[in-house]
Amino acid sequence: MDSQGSWVVVGLDNGGNKNNATVLDPGKGCLVDGMVETPSRVTEGPEVAVRELVQAFDDILKRTGVARERVRAVGLDTPGPASANGVISSKGSTNFAHDGWAGFDFRAALEARLQLPVIYNNDGNAAALYAHHVCFGADAPCHSSVSAIVGTGLGGGVIEAGRIIKGAAGMAGELGHVHIPMQGLLAEGQPVPHCNCGFDGDAESVASLTGIEKNLLPYWLTRFPGHELGKTGSLAKASKLVRSYGEKGDPMARHIFEQQAMAIGRLFTIAANFTDPSAYFVGGGVVETAPEFREWFMGKVRENTILREEQARAARFALVPDLDMAGARGAALAALEHASRA
Ligand SMILES: [Zn+2]
């Protein structure tokens, strides 16, 4: 295989259970088509986790037949919260519960082990960058976009002129914690939803799995007495099942997802007046569904995104593609951008 060619970058996506790796050749694109997963072992603390990432790096080079000397930079993405430079929050988080993670400089530790520049992004930002590049290709630097990714929380990112907006403290693009108007979104007698971050009525309090469990499902079960999901004995369990009910057209589940779509639309309306992006991307479990449900959901998002006529003509709505690979590929794109400037 080619070991004398031009330079490449590697993307490493670090998740709660798995690492996913890719190699990006500026001339040829990604050198692996699918997922290349290895255990992340983050629950065992930073030392073990860094070792596993080095292993993932070595493995992906071996698999693609790329010589280590050709790697110019490495992109790393992890779930948050972390600083713009990859220092894990001292408050800890779901993925980084082990004591060793508090305040750990993940980026610098990996850089020291690999002896290569490591460029850090949180997973939402990496996925947003990937969606942006898939949509705009070579024109990526001429466009801006906003991505909302619905998972346990509401992640995503803001891209301006092809680059991730990180902010002074690395906390830009925290779309989930933007307050959105609740008037006309909440049903009669529905309490104002609360978010883990402490806010009431932000986007994540509605448009997230946590929002379903803590806020939406408890209310909607009172409106649909006797619904099967009220008999599971656990809101956590029931909230994970709402999507499959939604796909089957269940009226209660559709109310829940309509509220999520409204929340995302209202968030995009704020984005429209803030950065006026060229594209609005939606990702996550809510759109990784049967086509009918996905289209219904995206239609509701559009309906609730209030754009001026000129904006509606200029903007597009799309899905975040290949979400399971978006982290590694977005991390690699960020490394590519860094390496191109070097
Ligand atoms: Zn919040």
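Trainee: Which residues does Q311 touch, not counting residues up to four places away in sequence?

Mentor: With those neighbours set aside, Q311 touches A272 and D276, where contact means heavy atoms within 4.5 Å. This is a predicted model, in which local features need pLDDT of at least 70 and side-chain atom pairs count only at pLDDT 80 or more, while totals for chains, interfaces and linings use all residues. Residues are numbered from 1 along each chain as its sequence is written, and side-chain values use heavy atoms, leaving out hydrogens and water.

Trainee: Where does Q311 lie, and is Q311 buried or exposed?

Mentor: Q311 lies in helix 9 (residues 309-314); helices (H or I, at least four residues) and strands (E, at least two) are DSSP runs, numbered from the N terminus. Q311 is buried, with a relative accessible area of 11%. Buried means under 20%, exposed over 50% and partly exposed in between (1.4 Å probe, protein chains only).

Trainee: Which residues of helix 2 are buried?

Mentor: An α-helix has 3.6 residues a turn, so residues three or four places apart point the same way. In helix 2 (residues 106-114), the buried residues are F106, R107, L110 and L114. They cover an arc of only 100° around the axis, which puts them on the same side of helix 2; the arc is that of the directions from the helix axis to the C-beta atoms. These buried residues pack against strand 1 (8-14), helix 1 (46-64), strand 5 (71-78) and strand 6 (118-122). Just after helix 2, Q115 takes a positive phi of about 55°.

Trainee: At what angle do helix 3 and helix 10 pack?

Mentor: Two packed helices are described by the angle between their axes and the distance between the axes. Axes are lines fitted to C-alpha atoms, for helices over the stretch in contact, and angles run from 0 to 180 degrees between N-to-C directions. Helix 3 (residues 123-136) and helix 10 (residues 323-341) pack at about 85°, with axes 7 Å apart. The two are therefore roughly perpendicular to each other (65 to 115 degrees; under 35 is roughly parallel, over 145 roughly antiparallel and the rest oblique). From helix 3, A126, A127, L129, Y130 and H133 make the contact, meeting L323, A326, G327, R329, G330, A331, L333 and A334 of helix 10.

Trainee: How far apart are the axes of helix 6 and helix 7?

Mentor: The axes of helix 6 (residues 235-247) and helix 7 are 8 Å apart, at an angle of about 110°. That makes helix 6 roughly perpendicular to helix 7. V242, R243, Y245, G246 and E247 of helix 6 make the contact with A253, R254, I256 and F257 of helix 7.

Trainee: What angle does helix 5 make with helix 7?

Mentor: Helix 5 (residues 209-223) packs against helix 7 (residues 251-274) at about 135°, with axes 10 Å apart. That makes helix 5 oblique to helix 7. Here I212, L216, L217, W220 and L221 in helix 5 meet M252, H255, I256, F257, Q259 and Q260 in helix 7.
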